[in-house]
Amino acid sequence: MPLNENLFSPKASEVEIHVEGTLFSVHINPYFLRLHLPANVIEDDASSAQYDPGAGYLTITLTKENKGEDFKDLDMLTKLLVPPGVWEAESRSRDEGDSPRIEVLGGSDVVAGDGHLEDAFDKLSDETRRMRLNGVEGTPGLDLEEERAILLEGRSLFKCRLGENPIPDETIKRPVIAEKRDWSYPQAFEDNSGLSSSSTVPSLAGVSRPYGFLDSYSGYFKHVTYSDNEVNELGPDAEHLTSEERRSRREENEDKKWDPEYYLADYVNDEDIQGIIQWKSPYDPSNPVSEIEFTEEENAVILRLPRKEYLITPTQTHALYLTLVNVLFSYAYDHRTTQNDPTPESAWTICSLTPAFSALDTSPSLSPSPSRSPNAHLTSTLVASYRRALAFPLYRNWELCERCREDVVDIMSRGRRCVTRALLRLKRILDRHETYYVYSKIWVNDYVVWVQAYASDLGLTRVGLLLQNTAIPKYALGWDLKELEDSAAGFDPDSDDEDELDDGTLQPALL
């Protein structure tokens with residue numbers, strides 16, 4: 001018997017599954033699901049649990065206690081969420097109609113003259129009836145046996161107050177209510193806005209702001225604080241920040257991460273980095289240009305992508321091309337630094353270098369205008385990628401950034417098929433990560449569809465040509481790169497930490 005759950009970023013080490021009779025529960029912080037199945041299930045050697053990061057589904061297979069038994073109403077999800085007995089009680093209530101649901105236990109046990117006691121007993125009856133019909137604080141309502149026990153106990157107390165002999169305890173036959181009550185926390189479905197359908201759940205603070213491809217996604221970062229998402233720079237506010245606030249936080253975080261000493265060390269000791277820069281990429285224009293044919297695996301991935309149609313304005317198209325430059329720059333950085341052999345850190349590297357991933361900040365969506373040069377937009381876009389490439393990853397070098405820009409030029413100049421192949425390889429890296437696959441869902445999947453169906457070879461080639469002719473001044477990043485490089489102009493990396501002056505005294509080296 002398979003059970004499928006749609007989850008975001010679960011950790012295998014934190015999965016807790018409990019099976020007992022008809023009760024099935026699974027807890028993966030911050031998710032919790034409790035189901036009451038129609039019949040008993042057991043955990044045995046045939047039971048299993050598998051998680052598909054790409055689809056976001058956890059599939060749990062359990063064994064029926066009685067093989068061949070028919071599990072009815074499995075499609076009634078609401079019924080599976082409530083404790084056993086509640087539906088039967090509701091059915092009995094419906095069968096009884098709207099007639100009074102308080103059982104008459106006998107004649108009047110309260111002296112008419114004691115009006116206050118009679119009123120108190122009436123209030124007890126009304127309150128008990130309300131508890132059975134509506135429940136208290138979201139718990140299921142009382143059943144008839146529980147209501148009877150409460151009223152009998154109240155009747156005995158009132159008799160004691162009137163001086164009469166109380167009903168003997170053995171005749172009351174009180175059920176142990178605490179043991180019968182189901183104190184399970186109530187579950188409720190969530191509507192499309194991400195708010196629980198239960199009226200007792202408070203609304204989220206702030207307004208939910210969409211993000212991702214064409215700002216068409218939301219809800220993916222509601223529980224981001226419980227996941228291992230190390231690249232998210234917006235924290236728990238990811239769902240509610242405006243685009244301006246996202247950009248402000250991104251730039252602030254980049255300034256905090258910027259380390260002048262780290263940059264200067266990579267500038268002086270750049271032997272490894274020079275080897276990376278000189279590595280010949282498969283996208284290098286010196287390689288023979290042949291018609292790109294997708295592999296069987298690539299075709300299978302493309303066929304599994306959702307079939308979508310986009311109504312896109314020219315302004316949105318302009319922004320998509322710019323954000324694509326950011327995405328391909330991050331891919332080119334990892335592709336070059338790993339020499340086309342992705343590592344376990346590749347997903348982190350790509351997501352950290354992409355503003356649209358780490359801060360949900362898209363490239364400046366400025367509409368084309370005769371008063372604005374297209375290079376101005378590309379400069380702003382590349383500045384964001386350069387800043388991140390000099391603040392976060394292992395290798396932080398200006399020449400490496402320039403080489404990655406040339407790689408993006410080479411990829412885009414070859415048209416849609418080459419860009420699609422690069423995106424598919426990027427998607428493969430993200431889909432295999434238990435946390436960062438989410439960025440594949442909200443960005444890369446749509447980009448693969450859009451590049452094939454909506455982008456044009458001419459448009460991609462034109463952007464590549466503009467990139468080739470775009471020069472990024474170092475001062476545009478807002479950091480003193482030129483001063484740092486000038487300070488190390490006469491530094492010998494093979495010298496001692498201290499230099500001896502003519503008079504025999506020592507002076508600290510530049511570093």
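Thr349 counts as buried because its relative accessibility is 10%, where buried means under 20% relative accessible area, exposed over 50% and partly exposed in between (1.4 Å probe, protein chains only). The model is predicted, so local features need pLDDT of at least 70 and side-chain atom pairs count only at pLDDT 80 or more, while totals for chains, interfaces and linings use all residues. Residues are numbered from 1 along each chain as its sequence is written, and side-chain values use heavy atoms, with hydrogens and water left out.

**Surroundings of Thr349**
- Thr349 lies in helix H12, residues 346-353; helices (H or I, at least four residues) and strands (E, at least two) are DSSP runs, numbered from the N terminus.
- Leaving aside residues up to four places away in sequence, Thr349 touches Tyr333 and Asp334, with contact meaning heavy atoms within 4.5 Å.

**Whole chain**
- The chain has 19 helices and 10 strands.
- Of its 511 residues, 41% are buried.
- Among contacts between residues at least 6 apart in sequence, 71% join residues at least 24 apart.

- Strand E2 (residues 16-20) pairs with strand E3 (residues 23-28) in the antiparallel sense over five bridges; two strands pair if DSSP finds at least two bridges between them.
- Glu16 stands opposite His27 in E3.
- The hairpin of E2 and E3 has two residues between the strands, and Gly21 there takes a positive phi near 65 degrees.
- E3 also runs antiparallel to strand E4 (residues 31-36), joined to it by six bridges.
- Val26 stands opposite Leu33 in E4.

**Helix H10**
- The buried residues of helix H10 (residues 296-304) are Glu298, Val301 and Ile302.
- These residues cover an arc of only 100 degrees around the axis, so they sit on the same side of H10; the arc is that of the directions from the helix axis to the C-beta atoms.
- An α-helix has 3.6 residues a turn, so residues three or four places apart point the same way.
- Glu296, Leu303 and Arg304 are exposed on the other side of H10.
- Cover for the buried residues of H10 includes helix H16 (416-431) and helix H17 (437-453).

- Most residues other than glycine have a negative phi.
- Asp215 has a positive phi near 50 degrees and is placed in the loop between helix H6 (177-180) and helix H7 (243-257).
- Asp215 counts as partly exposed because its relative accessibility is 45%.
- Leu360, also not a glycine, has a positive phi of about 55 degrees and is placed in the loop between helix H13 (355-358) and helix H14 (374-389).
- At 6% relative accessibility, Leu360 counts as buried.

**Nonpolar cores**
- In the largest nonpolar core, of 88 residues, Phe221, Leu324, Phe357, Tyr439 and Trp450 touch the most other members; such a core is a set of buried Ala, Val, Leu, Ile, Met, Phe, Trp, Tyr and Cys residues joined through side-chain atoms within 4.5 Å.
- Helix H11 (residues 314-337) gives the largest share of this core, 11 residues.
- A second, separate core has 14 residues, including Val26, Leu35, Leu37 and Leu62.
- Beyond residues up to four places away in sequence, Tyr439 touches Phe221, Asn229, Val231, Asn232, Cys351, Phe357, Leu430 and Val444.
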